Amino acid sequence: MALADRMTELAWIRDLFERSAQHKAQTVLVEGAVATGKTALLHTFGEEAAADGALVLTATGSRAERGHPLGILGQLCHPFHTAELQSWTEQQPGPQPPPAEAPDAEPAAMAETTARIARGLCTALLEYAAGRPVVLCVDDVQYADRPSLEILLYLLRRLKSERLLTVLSEWTVSPLAHPAFRAELLRHPDCRRISLTSLSEEQVGEVIAEHTDPATAARLAPGYHQVSGGNPLLLRGLLEDAPPTGGGAPPAVPPTEESFRQAVLDCLYRWDQSTVDVARGLAVLEESGGRGDPALVGALTCTNGPRVEADVRALTGARLVHDGRLRHPAIRAAVLDTLTPDARLRLHLRAAGLLYDQGREALEVARHLVAADSTPGGWAVPTLHEAASRALAEDRAEAALDCLSLACRSTEDPAQRAALTMELARISWRRDPSAVLRHLTPLKEAVTAGLLEPPNAIPIALHLFWHGRGQEAQELLDWFTATADTGDPRTASGLSCLGNVRKWLHLSPQLPYATGISGDLPAPTGLAALHDGTTTAGPAEAAGPVLLTASDALGSALAEGLHARAADWAEQTLASTGLSSAGIGDAQFALSALIHTGRTERAAAHCDTLLAEARARRAPTWEALFTSYQAEVALHQGALERAAELAQDALRLISARGWGVVVGHPLSVRILALTSLGRPAEAAGLLRQAVPDGMFHSPFGLCYLRARGHHHLAAGRPRDAFIDFHRCGELMRSWSLDLPELVPWRSDLAQAHLSLGRPEAARDLVTAQLAMPGAHAPRTRGLSLRVLAATEAGNRRTARLREAADLLLGAGDQCELAGVLADLSRAHHELGELSRARAVAHQALQAAAEAGIEDLCRQSLSLRDAAEGLTEDTADGVASLSEAERRVTALAAIGHTNREIARELFITISTVEQHLTRVYRKLNVKQRADLPLRLTGSGRYPPRLVPAAGKSCTG
């Protein structure tokens, strides 16, 4: 890596050395940007020339020693100092500042003393060389002192016929350090220039190939070239940070650690202070997401424009800068590390002031204020507020929170601080509701002290509800009611929706708890929508009367059993309402309506859309809520594994503390799914997790109680299940929220009664549930009929189960369908109907396989041979079936008689028999019990029949 692929340039210098051996002195000027390999080239050639017997004399220029007269010459002639040089050097007063040299200055006349020294050096050099070739190497000649350069030119003029090669290296900087010396040097006919540029991508690959094989090097080269820009010093730092181990290659993404950082600093500190300051200015501006134009960088670093442009060109030549920006974040970090914390903050404050004076966008100014964590004047707080609004409009909640937090800490106006805190709480909830907790007490005090407008009491109360502080929320709403000025339109608007708020929160003097809002239907009304109201409208305006009226109408529709009306409202809402702060509540209500009216496929489609938007807008709370709804959809569809995974994802998106009382929703879904999957240990682990006390005073607690009750049933603890289901029912009735679609607690409690040997009590509960207006949704009624069937026997039991199976088949709940079909199979077996038991068991296992509970279903079946033939591959035969044969097969597979099939398809019984005969032959089966429940490739369920003469569809 020593030459970093400079072999071509080294060959040129070797050629010049050979020419000089023919008594024709040669001079070569190696020029290039910082750290392009000039020094390594000179050292390598010098070692080779010395090995070939040449006298090699070296010197290195230094910024610190530029004022020492004859300093470079003293290094070159150290082995043979002449008396004149020694005497002249001792008489000098010491280091002097280097004289400024105009670009067009004429070379000064050489003083007699300097000429005498030069003549003496010529003689001494030739005597010391003793016939050997002489090589003079001066590195960084731009830092050489003028007397040394004058004498060096003298030597080159006088020794034209000697075996002399002079190799000089110089930075390509503007303005040139010694323009007169350079001009005279290049006039010599035997002077050559070699320009070193940065390494190409191919050359970077050749360097990497020193550490690995060529194929790997070619693969890694683009990444390493992009980070280093082809700067050999930076490339070496990258490779040192990723040393190959065990013969392995460096990683594809170059690590930028300590060696790379030191390489950046090595480059940086080779320049003067002006260039370092410009690099710092660029780093500070870029740290806050901005871009430094020369005028701004100059104002920030107190450097004139032309000098800034020259410094940027120098940094660009060294590949630290690309397209006006520092090439890589690691380079920026290294440059910023050269600043003390105080200096860095001062630069940020200065940048903020400059940008504000230039009329730049508020967000650009605010970034520097936030980085400095300070506000230098009265203009800063309004600028931060404006920047927060702009950031939120761009869905950059983190930036908005940073601006508002600094503004809150900086303002001295209590009312302004309260308003900023209110907005801070609103945006914090969108990211993680737990961040709102520390603001609730100050906000409650601010609104009651008159620092905030009275309608703000409603969203503050809803934040309190979310976090289980219901008593405080009750008191705050009571205060708002008692002190409201009905003449104020905003206050009147808040009062108009307060009744519905109390209704959905179940607030009354007898029940002063924060019941929150149900994770099933009412949840979004207050806790999502009012929490996240817009800043332009008042909190009551943003989500008040319209949303609460809609939620009230939806609740009435469900209570009256008007499911079609509720579903239509939900579809219209989701089609017309985009995901926004004011619309999230409506969206959640609409999803709940679709789920609990059996439109799970539509709910799933809308969930996908809403989730994509929530992720795009970087709103974790929204994403968590809709993921929880997605999990509930999966649960209602019987997709248990997916439901459990989605619920877990929802719980991970925001902290457990952030979920507040709403944690009952995803927890209940996951507990129910794990219990149904036969994984009681995992469900028990969830039940051991601490939950807020306030959750049990909210409908989220209803979901949790139901899930825990079913876990108790599965674990053989029916008394514990009875307690949970009974408590659930008491709460729902006391809150006037007794809707079977939300929580069918009566059928749940009936199962506990059955486990305790109380069939009569179970029958009474289910009968009462079936009589309720909202209990006729297919899934709810199917669940109820399954429990009712367990209280009956014989044909009455099978009739109930067949109807339940038809209902659950239409609802699409594969898990519950598998359970009902397994019950029906056992019922047929008890009646001695073995063929039918076998056919239904076959269907149960197919449904169970889709739900992921096939093993559990096998264990529950009484016929051990029920699943024979289930995995038989009939794909080829199915493909040969005609459409008419498919329709007949689909109905026969779920147990319908030939007469029922004929009536449904409007064909004769004879035709049915003929179709079945052909189907048996094509599928290679002997009886309808062996027919597949779902035809391979059909992608749909068989048509649902309308029962005739009191018979169920599964006949």
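# A guided tour: cavity, pocket, helix pair and sheet

Begin at the largest cavity, which has 26 lining residues; select His-596, Glu-632, His-636, Leu-742 and Arg-779, which lie nearest its centre. Two or more lining residues come from each of helix H29 (584–596), helix H31 (620–636), helix H34 (664–676), helix H36 (699–714) and helix H40 (778–789). Helices (H or I, at least four residues) and strands (E, at least two) are DSSP runs, numbered from the N terminus.

The model is predicted: local features need pLDDT of at least 70, side-chain atom pairs count only at pLDDT 80 or more, and totals for chains, interfaces and linings use all residues. Residues are numbered from 1 along each chain as its sequence is written, and side-chain values use heavy atoms, with hydrogens and water left out.

The largest cavity holds about 300 Å³ of space, and the structure has five cavities of 30 Å³ or more. On a 1 Å grid over the protein atoms alone, a cavity is a set of points where a 1.4 Å probe fits but cannot get out, whereas a pocket is an open set with protein on both sides within 12 Å along at least five of seven lines; lining residues have an atom within 4 Å of a point. Grid points are joined across faces, edges and corners, and a volume is the space filled by probe spheres set on the points. The cavity lining comprises 13 nonpolar, eight polar and five charged residues (Ala, Val, Leu, Ile, Met, Phe, Trp, Tyr, Cys and Pro count as nonpolar, Asp, Glu, Lys and Arg as charged, and the others, Gly among them, as polar).

Next, select Ser-676, His-710, Gln-751, Arg-786 and Glu-816, the closest to the centre of the largest pocket among its 36 lining residues. About 1200 Å³ of space lies in this pocket. Helix H42 (814–830) is among the elements that supply at least two lining residues; H42 gives the most, with seven. The pocket lining has 17 nonpolar, ten polar and nine charged residues.

Now display helix H38 (residues 745–755) with helix H39 (residues 759–770): they pack at an angle of about 170 degrees, with axes 8 Å apart. Axes are lines fitted to C-alpha atoms, for helices over the stretch in contact, and angles run from 0 to 180 degrees between N-to-C directions. H38 and H39 are therefore roughly antiparallel (an angle over 145 degrees). Their contact (heavy atoms within 4.5 Å) includes Trp-745 and Leu-749 of H38 and Pro-759 and Leu-765 of H39.

Finally, turn to the open sheet of five strands, ordered E2-E3-E4-E1-E5 with parallel pairing (two strands pair if DSSP finds at least two bridges between them). Its edge strands are E2 (55–60) and E5 (191–196). Six bridges join E2 to strand E3 (residues 134–139), and Leu-57 stands opposite Leu-136 in E3. Helix H5 (residues 112–129) lies across E2 and E3, at about 135 degrees to E2.

Methods. Parallel < 35°, antiparallel > 145°, perpendicular 65-115°, else oblique.
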